[in-house]
Amino acid sequence: MIDPQLLAFQALNGLQLGIMLFLMAAGLTLVFGIMNLINLAHGSLYMVGAYLAAAFQGWTGSFLLAALLAVPATLLLGVVVEIVVLRALYEREHLDQVLATFGLILFFNEAVRIVWGPNALFVALPEFLSGQVELPLGIIYPSYRFAIIAVGLAVALFLYLLIARTRVGMLIRAGATNRAMVGALGVDVKLLYTAVFGLGTALAGLAGLMAGPILSVESGMGEPILILTFVVIVIGGIGSIRGAFLAAVLIGVIDTMGRAFLPGLLRAAFNPSIANAVGPALASMLIYVVMALVLAFRPQGLFPARGA
Amino acid sequence: MSRVGARPLALWFGLALLLALPGLAALLDQPFYLTLVTRMLVFAIAALSLDLILGYGAMVSFGHAAYLGIGAYAVGILAFHGVTAAWIQWPVAIVGSAAVATLIGLVSLRTSGVYFIMITLAFGQMLYFLAVSLKAYGGDDGLTINVRSRLGGPLDLSNGSVLYYLVLALLLGLLLLCRRLVAARFGMVIRGAKSNERRMRALGFPIVRYRLTAFALAGTMCGIAGVLLANLTNFASPAYMHWTRSGELIVMVILGGMGSLIGPILGAFALLALEEALSSLTQHWQVYLGPILILIVLFARSGIYGVLAPAPKASDG
């Protein structure tokens, strides 16, 4: 009944969404795990990454060059935000953090409208990625989306090596387990916090600039993915990169497959008018139902951080 | 205790001003102010309901605007099908928001802290997307309501002043109800669980059940605000449920002064007045509102009510 070609295509789309969600969730969960900060403005940094890439592409004419410039530029902005606003919030309660970062969102959403105008920006695909690739089993898939998956997997590997195998990673893990002790041992905690926040920002910026050519670059584009990222973190368990990766792929695939196939499946089972009305609504609620089920059975998430 | 006397005096003055407002607006020929203040009163009800769980129970619900939407859509959808009688519309809205709040609370209250914030936010957005996907009822564009709820008798809501006094009366009624509630045993348990959950558990209180009741009650009250909002704007829109709306409700509570019942009402008035003033100055008012919020969080945590009328004794938290 369902074309296997289409099934594979949608599964890859789900994986691609999952990769984007992972890039967002990794930064958010690191910042939360180490600084105990809930940063609603993480989606704004994603948006800024997309805008900067679009602007740099306009100047340089090259997507790759723009991407190479946009990541450090977003990182720089993140570091400024950390030093000016967020640093004062680490010792505050979560409610204060939510409010202040909500203020940041209002600011950034309006600021990009002032700088780049109210209309959505268009980001052209680089030529060498505008075609399609042929994968094994005769699956045809757009090269650009395939590149997103490849970059995301490479970043995941890099993060794993960074956190599991390097001295900085050791400090990050130690910070997540016992912040006060890390400080007492003479580590410059302020610098560590800024570095971790910068890392998270760079990941959000990377996700944003990669999303540019497939979504429209506009004010407020960061919020939908931020909410999905929260779902990922709740399901994956806070502070766990491994959990963030597995939950991100899970949510990406469930959401994409649900939207693609649920209305069709309903149409096969019920009369078309009911299916047409209920299908899209049910598909858009699917991941939240999954989240509720996970919470009902494992409130700490599916893959909670070890030792935390 | 010497400053206590100033408080009730200011409140009575404010109430007198509110009672005289429709007359003043008519006198000055400024019907716009009647609509604006009605809107403020509606959001005061919503902020008051959020304060019940946020200020007294430390439950940071970031999806509270969802109930505004449920109330508004109950009115809108029934009116769309020709049912305009308030005695059908309003109970449906109340039961609907109570049921949804109970379901969301059942799942969300299994967690606490930052998880609770993220989950209530996610559920709020879920309902937002649900409203957007309701193509039969306008979807993204929202649903125009041609006829306001019919209450019968002399209460004709198409008259702005009648709607205004109804909203004001409901706000005062709910305010009194909340006062009784937080002072009663129920409120004591909720507040006790906020300051020391473990001790309250050890005393044998079923904390989750108390919290769930408060959560459902707050959702129901906010649903009533949604009914009034739909009647005021003649419109039900997914935008009522957007998560930034939930954020604004939290801001109202904090801005006015969390954990006092008058505070959120002042906060609703102040935030909407601030938005109105800034948006008349510049189209890009949010670029100023954002930093103002950050400054309030960093430097003015006690809120307007706390600054205007410092509590006579140390807050019990």
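**Entry 1: ground rules**

I call a residue buried if 20 or more other C-beta atoms lie within 10 Å of its own, exposed if 12 or fewer, and partly exposed in between, with C-beta atoms placed from the backbone. By that count, buried residues make up 49% of the 308 residues in chain A. I keep in mind that this is a predicted model, where local features need pLDDT of at least 70, side-chain atom pairs count only at pLDDT 80 or more, and totals for chains, interfaces and linings use all residues. Residues are numbered from 1 along each chain as its sequence is written, while chains are lettered from A and ligands numbered from 1 in the order in which they are written.

**Entry 2: chain A overall**

I looked up the helices (DSSP runs of H or I, at least four residues) and strands (E, at least two), numbered from the N terminus. Chain A has 11 helices and two strands, and along the sequence they run α-α-α-α-β-β-α-α-α-α-α-α-α. The radius of gyration of chain A, taken over C-alpha atoms, is 20 Å, close to the 19 Å from the globule rule (2.2 Å times the number of residues to the power 0.38) for 308 residues, so chain A is as compact as a globular protein of that length. Its C-alpha atoms fill a box of roughly 65 × 50 × 40 Å along the principal axes.

Next I checked contacts, meaning two residues whose C-beta atoms, placed from the backbone, lie within 7 Å. Among contacts in chain A between residues at least 6 apart in sequence, 76% join residues at least 24 apart.

**Entry 3: A:Leu302**

I found A:Leu302 in the segment after helix 11 (272-297) of chain A. A:Leu302 has 16 other C-beta atoms within 10 Å, so I log it as partly exposed. Not counting residues up to four places away in sequence, A:Leu302 touches A:Ile235, A:Gly236, A:Gly237, A:Gly243, A:Ala247 and A:Val294. A:Ile233 is 69 residues away from A:Leu302 in sequence, yet their C-alpha atoms are 9.8 Å apart.

**Entry 4: where A meets B**

I see 36 residues of chain A in contact with 35 residues of chain B. On the chain A side, helix 4 (94-116), helix 9 (222-236) and helix 11 each supply at least two residues, and helix 4 gives the most, with 16 residues. That side has 29 nonpolar residues (Ala, Val, Leu, Ile, Met, Phe, Trp, Tyr, Cys and Pro), three charged ones (Asp, Glu, Lys and Arg) and four polar ones (the others, Gly among them).

**Entry 5: helix 3 of chain B**

What span should the 16 residues of helix 3 (residues 65-80) of chain B have? The expected span is 1.5 Å times one less than the number of residues, which gives 22 Å, and the end C-alpha atoms are 22 Å apart, so the two agree. I also noted that 13 of the 16 residues of this helix are buried, so the rest of the structure largely encloses it. Just after helix 3 of chain B, B:Gly82 takes a positive phi of about 90 degrees.

**Entry 6: two positive phi values**

B:Asp29 is a residue other than glycine with a positive phi, near 55 degrees. I placed B:Asp29 in the loop between helix 1 (6-27) and helix 2 (31-57) of chain B. Is B:Asp29 buried or exposed? B:Asp29 is exposed, with 7 other C-beta atoms within 10 Å.

B:Ala58, also not a glycine, has a positive phi near 55 degrees. B:Ala58 lies in the loop between helix 2 and helix 3 of chain B, and counts as buried with 22 C-beta neighbours inside 10 Å.
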